[in-house]
Amino acid sequence: MTNYETEARSRWGNTDAYREHEQKTKNYTKKKWAEANDGLMAIFAEFAACKDSGASADSAEAKELVIKLQHHITENYYTCTDETLVGLGKMYVADERFKKNIDKYGEGTVDFAAEAIAVYCRKV
């Protein structure tokens, strides 16, 4: 088990989402994991392009990306409710590991994505 997996288990191991994640991903191959993770990161690349186009976090384009992100997480990892999504947005900004990984598509991408998530979830 990696350090990340150990940390995730200790933080969220008693949650329904974590149990669902374990069940949903238990038979994932390395290829399936790569596809799921690459798909997730591709969405963040789209957030960067959206931000760079001058769109605002409350634009229709940003909203569509939030919806796409939520669906991707639900399809590949666990049910991503609006409440969960808001928590993820906050975690992406607060945790330097996530911030660095997401901002590799352009500085401020993580802030833009988190703001778009917050705006979307307030309007739902």
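This is a predicted model: local features need pLDDT of at least 70, side-chain atom pairs count only at pLDDT 80 or more; totals for chains, interfaces and linings use all residues.

Guide: Residues are numbered from 1 along each chain as its sequence is written, and side-chain values use heavy atoms, with hydrogens and water left out. Helices here are DSSP runs of H or I with at least four residues, numbered from the N terminus.

H7 has 15 residues, 109-123, and should span 21 Å at 1.5 Å a residue, where the expected span is 1.5 Å times one less than the number of residues. The end C-alpha atoms of H7 are 21 Å apart, which agrees. Among the buried residues of H7 are Phe112, Ala113, Ala116 and Tyr120. Buried means under 20% relative accessible area, exposed over 50%, and partly exposed in between, with a 1.4 Å probe and protein chains only.

Now take H3 as the neighbour. The axes of H3 and H7 come within 9 Å and cross at roughly 95°; axes are lines fitted to C-alpha atoms, for helices over the stretch in contact, with angles from 0 to 180 degrees between N-to-C directions. That makes H3 roughly perpendicular to H7, a term for angles of 65 to 115 degrees. Phe44, Phe47, Ala48, Cys50 and Lys51 in H3 meet Thr109, Phe112, Ala113 and Ala116 in H7, where contact means heavy atoms within 4.5 Å. The residues of this contact divide into 7 nonpolar, 1 polar and 1 charged. Nonpolar covers Ala, Val, Leu, Ile, Met, Phe, Trp, Tyr, Cys and Pro; charged covers Asp, Glu, Lys and Arg; the others, Gly among them, are polar.

Next, the rings. Phe44, Phe47, Tyr92, Phe98 and Phe112 form one aromatic cluster. Rings of Phe, Tyr and Trp (its six-membered ring) pair if their centres lie within 6.5 Å; planes under 30 degrees apart are stacked, over 60 edge-to-face, and the rest tilted. By this rule there are 6 aromatic pairs. In one of them, the rings of Trp33 and Tyr77 have centres 6.3 Å apart and planes at 35°, so the pair is tilted. Trp33 lies in helix H3 and Tyr77 in the loop between H4 and H5, 44 residues apart. Trp33 is partly exposed at 28% relative accessible area, whereas Tyr77 is buried at 7%. Phe44 and Tyr92 form an edge-to-face pair, 5.4 Å centre to centre with 90° between the planes.

Terms used:
Helices (H or I, at least four residues) and strands (E, at least two) are DSSP runs, numbered from the N terminus. Angles under 35 degrees count as roughly parallel, over 145 as roughly antiparallel, 65 to 115 as roughly perpendicular and the rest as oblique.
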